[in-house]
Amino acid sequence: MSGDAARGWLRQHAAEGLRIAAVVVAYYVCARIGLQQQLVRGQVTPFWPPTGIALVALMLWGLRMWPAIALGAFLVNVTLGPAIGPVLVIAFGNTIAPVCAYLLLRRVGFRTELDRLQDALALVFLGALGGMVISATVGAGVLVAFGALSSDAFWPTWSVWWTGDAMGVLVIAPLLLVARHARWPRGVPLLRWAEAVALLVGTAVVTVVATRTSVNLLFLVVPFLIWAAFRFQLAGAAPCVLIASAIAIYAGAVGSGPFAGHDLLSKMVVLQAFNGTVSLTALLLSAIVTERKHTLREIEQVCERLTEALSRLAPDEKFELPYGTPEPWPPPRPEGRDQRRQRRR
């Protein structure tokens, strides 16, 4: 191997090692944050951000990232117990769930830009709600099988586990994907910035109010998500989903507002219904608006190319607008006598 080839090989493997280390660190740190809201046995939480990190890592760098996910899951669970055997099985479930979700998304042609309706639907139903059934079933089943939980606690624990893993995908994955393609906007009017800030603050205020009162007002968050999706697409909708979901998860953990007076399973049903609704609304509307804008842009480009081609074929001809096309406004000014004389020449 020549010197240049050896240096290229070292750079490639060094970059791969850095990616793996970054995924492990991000997985572990976000897991510790998610465990602040644990509800079952100190290790089952209704919001598990590492699933979103794991799925995005697989989307960006492929299946070779699974060792990083497995190592991160093992490091997190080894400190929680109950024993090394169950920890290994739980880490396996936490690894195989995002891997299966990634394979399902790749099977249906998922695109990380999330600019199509089918991509949003695939992420919600295949990546989150479907793929995370594996980790929830493995995790809750292991805890019951090894005596860490009673058999009666399987379904409440499963519901919390599934809710947390699914929310990690629905909240974190779109945020990371949109951040990957985001660029700092230039020349944006001040009013546009004010609108974005008002949108974020309004979402937070409405969600706090809705989760602090016994009256069920969670539906008031939906108009802000619609506003964000239509005005800012996924770049505005994803942060709003994160804000609303985080506040709702905290309210569900402490049992305030609409979550008060319910058992654990009922809380998770309400929480999953709310988070699923806001995520689905934001993702679908953002994808629809983005897809529509792309379609209009393509139509405009085709019309411009067609007009240019016709002008080259018959440069002296005047092409009339087809029937039903709106007339330009303001209407063109009538030609003067000098202009008509010059055109005849």
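From the N terminus on, the elements of the chain run α-α-α-α-α-α-α-α-α-α-α, which comes to 11 helices and zero strands. Helices here are DSSP runs of type H or I with at least four residues, strands are E runs of at least two, and both are numbered from the N terminus. This is a predicted model, where local features need pLDDT of at least 70, side-chain atom pairs count only at pLDDT 80 or more, and totals for chains, interfaces and linings use all residues. Residues are numbered from 1 along each chain as its sequence is written, and side-chain values use heavy atoms, with hydrogens and water left out.

Of the 345 residues, 41% count as buried. Buried means under 20% relative accessible area, exposed over 50%, and partly exposed in between (1.4 Å probe, protein chains only).

Now for the aromatic rings. The whole structure holds four aromatic pairs. Rings of Phe, Tyr and Trp (its six-membered ring) pair if their centres lie within 6.5 Å; planes under 30 degrees apart are stacked, over 60 edge-to-face, and the rest tilted. Here are two of the pairs:

| Pair | Centre to centre | Angle between planes | Type |
|---|---|---|---|
| Phe154 and Trp155 | 5.0 Å | 80 degrees | edge-to-face |
| Phe224 and Trp227 | 6.1 Å | 40 degrees | tilted |

Phe154 is buried at 18% relative accessible area, while Trp155 is exposed at 54%.

Phe224 and Trp227 sit in helix H9 (residues 222-254), three residues apart, about one turn of the helix. Phe224 is buried at 17%, and Trp227 is partly exposed at 30%.
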